Amino acid sequence: VPLERMLVETDSPYLAPIPHRGKPNRPAWVVHVARTVAALKDVSVEQVMEQTSANFARLFPRSGLQR
């Protein structure tokens, strides 16, 4: 999936990312997902965060998030 079409989330309540495996998942841990995507795509985590935030704003324009 191209980064321009991707969102990241921690949606699964019982499958927390490593290093939090075994605990209930939390939205604050989405950074671990972004780091993994960055490593797989060979880009910076900042690039993943910027692009996925822009993707969210484009997909959900009523959210008020502007990019």
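Colleague: Where does F60 lie?
Modeller: F60 lies in the segment after α2, with helices taken as DSSP runs (H or I, at least four residues) numbered from the N terminus. This is a predicted model, where local features need pLDDT of at least 70, side-chain atom pairs count only at pLDDT 80 or more, and totals for chains, interfaces and linings use all residues. Residues are numbered from 1 along each chain as its sequence is written, and side-chain values use heavy atoms, leaving out hydrogens and water.

Colleague: And is F60 buried, exposed or partly exposed?
Modeller: F60 is partly exposed, because its relative accessible area is 39%, and that class lies between buried (under 20%) and exposed (over 50%), using a 1.4 Å probe and protein chains only.

Colleague: What about α2 itself, which residues are buried there?
Modeller: The buried residues of α2 are V48, T52, N55 and A57, and what covers them includes α1 (30–41).

Colleague: How far apart are the end C-alpha atoms of α2?
Modeller: They are 21 Å apart, which agrees with the 21 Å that the 15 residues of α2 (residues 45–59) should span at 1.5 Å a residue; the expected span is 1.5 Å times one less than the number of residues.

Colleague: Switching to H32, what does it touch?
Modeller: Not counting residues up to four places away in sequence, H32 touches P17, I18, P19 and H20, where contact means heavy atoms within 4.5 Å. H32 has its place in helix α1, and it counts as buried because its relative accessible area is 16%.

Key:
Helices (H or I, at least four residues) and strands (E, at least two) are DSSP runs, numbered from the N terminus.
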